[in-house]
Amino acid sequence: MSQSITTPPTVWFVGAGPGAPDLITVRGSQLLASAGAILYTGSLVADTVLQWAAPECEIADSKSMDLAAVTDWLLTRAQCHTTVVRLQTGDPTLYGVTAELTRPLDAAGIAVKLIPGVSSAMAAAAVAGECLTLPEITQSVILTRFSERTPMPETESLRSLAAHGCTLCIFLSIDRIEQVVEELTAAGWAATAPVVVVYKATWPEERIVRAPLAEIAAACRAAGIERQAMILVSPTLGVRQQSQLSTSKLYDSTFPRRFRNK
Ligand code: SAH
């Protein structure tokens, strides 16, 4: 149903979160409720998140659309609705085509805004009960992928990034898990290094596979995990089960903090 156009239309690129409908942000769900039209990525976004949309909202799945069709859909809906939502999986700034989609909207003078979402990297760590950083173990997280059809920039090969030894959240690569293991091994990761793979984090079908690096590929194959999975590699994995755990200065009573007297 058309909304009366009293304010200029805006196309909102909203992060849907990793899957569970209550993991969209409050702001994101409010935008869904006020949207006149929503275009969502049906191949990745759980349609349960559409429960926040108004009953009269026009909803379409972009699964079978190409980039031009998506842009065209958003442009035409922005002509009759003040609030149009492009709903993207996880966080819209990561591994989406947000920049390609926003350019034609910018060129047409349509306002574009982005709303962050819970990325699958964070969701995978949370459902596995893992932390991605740990004092004195690693304080850096690399979000990356294995090069496949989308080539990696020369300085960002998985092998060179993995050589840092910090946490890696590897997107879009589960179907190349064997090559991922090869690259990590070549970068110096031990065969016993812990790896966690999370399939469809926060979906009802969620599965968590834990194995040492040398066994993770076989474990994923045995579990039938071939897509929509996050590969977490980190020296922090499994530390909750270890007795020797270094503690953070943040809660150290001898460490002076601005908001704590002692
Ligand atoms: N923007 C998204 C990533 C899109 S790329 C985000 O921030 O999460 C798609 C890849 O993300 C998938 O191949 C998979 O590696 C990962 N992914 C997306 N949803 C996931 C989920 N619920 N569980 C595990 N991995 C997921």
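Tyr-95 counts as partly exposed, because its relative accessibility is 37%, where partly exposed lies between buried, under 20% relative accessible area, and exposed, over 50% (1.4 Å probe, protein chains only). This is a predicted model, in which local features need pLDDT of at least 70 and side-chain atom pairs count only at pLDDT 80 or more, while totals for chains, interfaces and linings use all residues. Residues are numbered from 1 along each chain as its sequence is written, and side-chain values use heavy atoms, with hydrogens and water left out.

**Loop residues with positive phi**

- Most residues other than glycine have a negative phi.
- Tyr-95, in the loop between β4 (83-88) and α3 (98-107), has a positive phi near 50°; helices (H or I, at least four residues) and strands (E, at least two) are DSSP runs, numbered from the N terminus.
- Glu-136, which lies in the loop between α4 (120-127) and β6, has a positive phi near 65°, and with a relative accessible area of 64% Glu-136 is exposed.

**The five-stranded sheet**

- Five strands form an open sheet in the order β6-β7-β10-β8-β9 with mixed pairing, two strands being paired if DSSP finds at least two bridges between them.
- β6 (141-145) and β9 (207-212) are the edge strands, each with a single partner, so one side of each has no neighbour in the sheet.
- Neighbouring strands of this sheet are turned by 20° against each other on average, direction ignored, with axes as lines fitted to C-alpha atoms, for helices over the stretch in contact, and angles running from 0 to 180 degrees between N-to-C directions.
- β6 and β7 (residues 167-171) run parallel and are joined by five bridges, and Thr-144 stands opposite Ile-170 in β7.

**The packed helix**

- Helix α7 (residues 213-223) packs on the sheet and touches β8 (194-199) and β9, its direction making about 150° with that of β9; contact means heavy atoms within 4.5 Å.
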